[in-house]
Amino acid sequence: MTYKIRHDRSNCIGCTACAAICPQFWEMSSEDGKSDVVGSVLGSDGWEELEISEADFPKNMDAAGVCPVNVIHLMKIGSGEQLI
Ligand code: SF4
């Protein structure tokens, strides 16, 4: 099973919670203070996306869970089910 992180970057408020709880996947930009998904692709819609393995799913669920503005989403690839 693989998953996809989707980050609505334009609505990130730069609180740093995701980077604190999951620094392997989340880092703060020194340019505009918003967070970035490490290694992600930034789409023209302003959303970052990255495929992750099942092993990396729980730590990114933790990151999504601490986001105060709910701009971190996780989907199942295949079914397209949005998990958060
Ligand atoms: S937890 Fe949410 S609002 Fe805070 S930096 Fe991460 S994505 Fe942005």
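Leaving aside neighbours within four places in sequence, I72 is in contact with H7, C18, A63, A64 and C67. Contact here means that C-beta atoms, placed from the backbone, lie within 7 Å. This is a predicted model: local features need pLDDT of at least 70, side-chain atom pairs count only at pLDDT 80 or more, and totals for chains, interfaces and linings use all residues. Residues are numbered from 1 along each chain as its sequence is written.

Stay with I72. Its place is in strand 6. Strands (E, at least two residues) and helices (H or I, at least four) are DSSP runs, numbered from the N terminus. Is I72 buried or exposed? I72 is buried, because 25 other C-beta atoms lie within 10 Å. The cut-offs: 20 or more is buried, 12 or fewer is exposed, and in between is partly exposed.

Next, the core. The largest nonpolar core has 10 residues: I5, C18, C22, F25, W26, V37, A63, A64, C67 and I72. By core I mean buried Ala, Val, Leu, Ile, Met, Phe, Trp, Tyr and Cys residues joined through C-beta atoms within 7 Å. W26 is in contact with C18, A19, S35, V37, V38 and A63, again leaving aside neighbours within four places in sequence.

Which order do the strands take? The order is 4-5-1-6, in an open sheet of 4 strands with antiparallel pairing. Strand 4 (41-42) and strand 6 (72-76) are at the edges with a single partner strand each, so one side of each has no neighbour in the sheet. Pairing requires at least two bridges found by DSSP.

Take the pairs in turn. Strands 4 and 5 pair over 2 bridges, and V41 has E49 as its bridge partner in strand 5. Strands 1 and 5 are joined by 7 bridges; T2 is partnered by S53. Strands 1 and 6 pair over 5 bridges, with R6 bridged to H73.

Helix 2 (residues 57-66) lies across strands 1, 5 and 6, at about 145° to strand 6. Axes are lines fitted to C-alpha atoms, for helices over the stretch in contact; angles run from 0 to 180 degrees between N-to-C directions.

Last, the ligand. 13 residues surround the ligand, and the closest are C12, C15, C18, S35 and C67. Near means a C-beta atom, placed from the backbone, within 6 Å. The shell divides into 10 nonpolar, 3 polar and no charged residues.

How values were computed
Two residues are in contact if their C-beta atoms, placed from the backbone, lie within 7 Å. Ala, Val, Leu, Ile, Met, Phe, Trp, Tyr, Cys and Pro count as nonpolar, Asp, Glu, Lys and Arg as charged, and the others, Gly among them, as polar.
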